[in-house]
Amino acid sequence: MSDAMKADEMIDYVLGQVEGGERERLERALGEDAETAARVERLRQAIHRLCDDGNSFEHPPDLARRTVAFVARNRRRSASFVDFVPVRAPFRWADFAVAASIFVAGVLTLLPAVQRSRERMSQAGCVFNLQQLGNSLGQYTTIKQLMPYPPSNQTDVPAGAFAYMLHDAGVLDDASLLDCPCNGPCPHVAPELIGFDQLQKIRRTDRDRYNRLVSFDYAYNIGYRHTSQATGSPDDQASSQIPVLADQPNHAGLQIREGNSINHGGRGQNVLLSDSSVRWFRTRQVSPIDPDLYLNNNRLPRPGIDAHDSVLVPSHMPFRGW
Amino acid sequence: MVKAIGSDSAEDLRQLSDEELMARYREDGHADIFSELVHRYERELYRYLARYTGDPSLAEDVFQNTFLQVHLKRGLFEKGRPFRPWLYAIATHQAVDSLRKAGRHPTVSLDQRVGGGSQESEAGNLIDLLVGEEDGPLSQLEESERQQWVRDSVARLPETLRQTLLLAYHQDLKYREIAEIQKIPVGTVKSRLHAALEKLQQMARAVRQDGDE
């Protein structure tokens, strides 16, 4: 295509669509470029041949006068509502109000669905946390041949110390896994995991920090009382599905309250079992012979009375129970 | 001095733009102003309607009904908007209504181009198509035969393309005015116009092929 005139401009020029300074520029360009001028002329003739129908359609005599008279005769005609429908409506607050109402109705319709979707995502996040912690516990058990449990002379340490034992064994580095996403970010979750010995040192020197370090969203199994009356770690030989970790119970200080976990608004709790599966329980009963996940069969937040009695206490409560 | 509207002479009214006349008519509905507007568009609008409807007597009725609508809808004419596209939009709607009542429905084809290549490359292809042959495919026809072919072929175009071609080629309206009438973007007006010319050229080639055979 010619540099003097683009194809688009050429058609516009021939159809009389170019005006003013732009038209003058194109005419100057055509004056200097005979080849393009000839092409434009051929285009003009081609369009003329395709479109000129030879009709001139002269208007009938007195059409304007008769039209004015026609309108004068009919101007009293009652206008229908269609006559007043504006082609382009000006801004009106009433229209804005209608649009806003529709928007609000849409939002109100969508809101429950969005809320449910967020809950499902949080629920999935909680299950993911427990699965990851389950992997760490599985690795720990492989290395140590037992679940995280303090030495027999230190059973006064809180249940949450299990996380620091996992960290000591090199199988847990991510402290955010200890925060259930369903109850919002936990302000007390440990910002970083430290060694178990260091934790014990902080226990003696900085009680507030210590309390913060052992307060998070999941409850841990504090084992059961053996026939020798000594307490020990849970025994996965007793059953293939021993509860190991779960959403923390509803509690006030060291008292375990009735009802389901507070993490999910009392609807139930996720429980990590010793076979690494995570199940949702709508009640605290996890098996026919273990009626309460958070209390032993004597209804106390202490180690189970036998190998089948699992007790999971909040992370700040001691292994030996309360 | 502010001159009363009723005292405007015909010469004074002729000095005013369409938009000024319409604004004044909207205010007081004076018959002289309306008459001036009707006279201004008598030739131009009748020619459009006669070609659009293909029936001079129907075009006369549509012309009168169009100005009746202008009178009835004068309150809806927005200040600052051009008058010609508004008038043509009313006239086109009236023409479509009349054709429908007369049992002649304008064909609305779904066979319309919607996009594709860039406007520039499409225009380049169109020019090659139009000027590629020295005499053009209609050169064998007598002038009267060619004119009859144009009338028949334009009538066979899809409605939107035909309307755009009439407004741009026969009525000499600018793209922006056509866009305003048809309530479409200027780019779409150009696309439709190019599509109309391309279809006509294809029909013309078919004529020559038939003639050669």
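Two residues are taken to be in contact if their C-beta atoms, placed from the backbone, lie within 7 Å. On this basis, residues 24 or more positions apart account for 61% of those contacts in chain A that have a separation of 6 or more. The model is predicted, and local features were considered at pLDDT of at least 70 and side-chain atom pairs at pLDDT 80 or more, whereas totals for chains, interfaces and linings use all residues. Residues are numbered from 1 along each chain as its sequence is written, with chains lettered from A and ligands numbered from 1 in the order in which they are written.

Chain A contains eight helices and nine strands, where helices (H or I, at least four residues) and strands (E, at least two) are DSSP runs numbered from the N terminus. Of the 322 residues in chain A, 35% are buried, that is, they have 20 or more other C-beta atoms within 10 Å of their own, all C-beta atoms being placed from the backbone.

Strand E7 of chain A (residues 269-273) is largely enclosed by the rest of the structure, because five of its five residues are buried. Gln269(A), Val271(A) and Leu273(A) cover one side of E7(A), while Asn270(A) and Leu272(A) lie on the other. Strand E4 (residues 243-247) of chain A pairs with E7(A) in the antiparallel sense over three bridges, pairing being assigned if DSSP finds at least two bridges between two strands; in this pair, Pro243(A) has Leu273(A) as its bridge partner. E7(A) is also joined by four bridges to strand E8 (residues 278-281) of chain A, again in an antiparallel arrangement, with Leu272(A) opposite Val278(A). Four residues lie between the strands of the hairpin formed by E7(A) and E8(A), in which Ser276(A) adopts a positive phi near 75°.

Between the chains, 47 residues of chain B are in contact with 38 residues of chain A. The side of chain B that touches chain A draws at least two residues from each of several helices, including H3 (31-53), H4 (56-72) and H10 (186-212), and H3(B) gives the most, with eleven residues. By class, this side of chain B has 26 nonpolar, nine polar and twelve charged residues, with Ala, Val, Leu, Ile, Met, Phe, Trp, Tyr, Cys and Pro counted as nonpolar, Asp, Glu, Lys and Arg as charged, and the others, Gly among them, as polar.

Within chain B, H3(B) also meets helix H5 (residues 83-101), through residues that include Tyr41(B), Leu45(B) and Tyr48(B) in H3(B) and Leu87(B), Ala91(B) and Ala95(B) in H5(B). The residues of this contact divide into nine nonpolar, two polar and no charged.

How values were computed:
A residue is buried if 20 or more other C-beta atoms lie within 10 Å of its own, exposed if 12 or fewer, and partly exposed in between; C-beta atoms are placed from the backbone.
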